[in-house]
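Dear colleague,

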Amino acid sequence: MNGLHVDMDGFIEAVRVSCDAMAHPDLRSKALEHIAELEAAPATWIMCMDGLSNSYWETLESQFYSFKVIEKAVRHRYPSLTAEEQQALREFLMSYMRTHDLSQPALIRNKVAQIFALVFVQDYPGSWPTFFQDVIEHVSEQAPADLFLRILQAIDEQVAATEISRNAEEAEASAALKDAMREYDLSRIAQAWLTIITTFATPAPELAAHCLDVIATYILWIDVNLIVNQHFQQALHECVRVGSPVREAACRVIDAALTKGMPAAGRLAVVDELRVGDVLERICSDAELQADADLMTEVAAIVNTLLTTLIGGLAELAADSPEIAATHATVRRILPIALMLFGADDDGVSERVIHGINTYLHHLKQRSELGEAEAATFAVIADKALMKMQFDGEDEFENEEALALFLEFRVQLKSVLVNLSHIDLQRLLAVAAAVVSHLLSPSEDHPWQRVELGLHIVFVMQEIGAGVPLDDGEDSSEGAGHPMRSMLEQAVHYPVSHACPEPLLQQYFEVLGRASKFLARDVDRLMPALGTFFSAAGMQHPSSRLRSRCCYLLCTVLRDKSVRETATALIPEIVEHLLPYFHPSGMQEEQGRLNLLEAVSWLLAHHSISMEEKVYRIGQFVDPMVSAFSAKLEEAVHAPGTAAQQEQRCATLVYLINAVILLGGSAGVEDGD
């Protein structure tokens, strides 16, 4: 026995030293070696169990390491233990469950739950058929209830978690355990859940919320009727009335019940039994609750699930089925809530219902004509989708991660607009034109984010309505009021300057880059637009990102033959404007210069430019490049420098070669060849 105490003392000291960040590295290394030796000894887990039973371990570190040793023994050697040792372990675990308190760190309670789950996998239902009866016995008390829930989580990870890979034998064993739980104990477990959430919703809301989250996990593979019944319905409705975090967790249970795979008629029964519509309307009619983004995100998840599953289930139902009318009635009931959530201030809330909104729109496509109610819903969805595309601020543009998330959100919103366009493109363009007319009105003093939004809407409509003709009788009153043309007119003529925020300027030039056909219709419209490219707001802007994008977009515009035809008389002037951007002291990056060189080559290839003019103009661009090439080549061969400097010199040489080849290719080419 004295030897055992010496081992215990050595174990405690080794654990203490191994956890001491200030200890000497050699001392810590020896301590870890000693712990490893003790862990490998067959009887060490018994020593640890005795130490825990007799409160010998005073430090949390030694307690955790003791449980860790026990967990390793159960995981790797449990079948080889004697029946007496296995029984002693079961009794130790149950004693801990009855006597521990919540002052124990969650790290230790989770480790104990893991040990319970490992023993469960080995002993249930054969050697320990009363496992759940035993662990449920004291759930009316807070500490045992907390550990019970952690045990259920650990069991779910062992037998049901889909993210864990299992071989055929393990999958078969897991299925057998779930079947045994269904046959013997799930009704008992469900009753324990009900006890916990009704007992602790108010005095211990974190515990009740934990219980609800465990229920949401188990719903995926248990009989849904264990939860979808009058007793749970009443308890869930009470939980929704309780403050955070219980009400959010109750919403997650409802969403899990609706998400569970089942026939369409069965899902309608779940909606009815849990009175989901009542829950949603009660929450969303409370202005204070509407301001709670966390709660609204969970509500949005329920609404999204309802729209996607109910509408998706219509295909399963017979044409004369009464469930079809019930489904349409439920969708009509929750649609106003979906629209409210879609337009919420918090983008996270809006994002959660996008899939449901798109599902509804896919369903709406089947209508040959929109009724009055559907047309009103169409307009609301369009307006909200357009207005949700607004930047919060310039910081969002500068932060790469935030910008990526926001741009992805814009892509999702665009999917809504695309679906609307498939239903009625003209109606969508009319809504968009009305919004743009307000946002880009010169009489309105909007913040830059609103102006950028107006320009972005035009850009999106350019993509969605790419096939809409712009020349359907421009002189007629009908043609002059064409929504696409009116939006482009406002956007192209919006007054921008170098003082505008970069996101606004970038969006403005994106619109110009897609508006070549529109610009080519009138030289008085085209030349000011080209002038903006050459200005301090465009290719002379301090931002290299904006300058580079402007070069690319200008090339896109000038690549359009109709633009060059409109600007025929002004091509020499445009070339003169481009020449300074190729001076060695110019601000343009190499890729930007290559884009501009392509633009020059398109201009010089125009049939109105004589061969003599082409040769002269090409010489203006090529001669400085040849001189620069000689100087750079001499520098690369003879001048000292770092590897990075040499790499940059070589890159410049490659650029100059490509530039001369690109520009020289226009000498013998004419438009139409």
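The protein has 35 helices and 0 strands; helices (H or I, at least four residues) and strands (E, at least two) are DSSP runs, numbered from the N terminus. The model is a predicted one, in which local features need pLDDT of at least 70 and side-chain atom pairs count only at pLDDT 80 or more, while totals for chains, interfaces and linings use all residues. Residues are numbered from 1 along each chain as its sequence is written, and side-chain values use heavy atoms, with hydrogens and water left out.

Of the 673 residues, 50% count as buried (under 20% relative accessible area, with exposed over 50% and partly exposed in between; 1.4 Å probe, protein chains only). Contacts (heavy atoms within 4.5 Å) between residues at least 6 apart in sequence join residues at least 24 apart in 71% of cases.

Helix H26, residues 483-492, is largely enclosed by the rest of the structure, because 7 of its 10 residues are buried. The buried residues in H26 are Pro483, Met484, Arg485, Met487, Leu488, Ala491 and Val492.

I would also draw your attention to Thr297, which lies in helix H17 (residues 293-313). Thr297 counts as buried because its relative accessibility is 17%. A polar atom of the Thr297 side chain lies 2.7 Å from the backbone oxygen of Ala293. Leaving aside residues up to four places away in sequence, Thr297 touches Val349 and Arg352.

Yours sincerely

Definitions and conventions:
A polar contact is a pair of N or O atoms within 3.5 Å; within protein, one must be able to donate a hydrogen and the other to accept it, and residues adjacent in sequence count only if both atoms are side-chain atoms.
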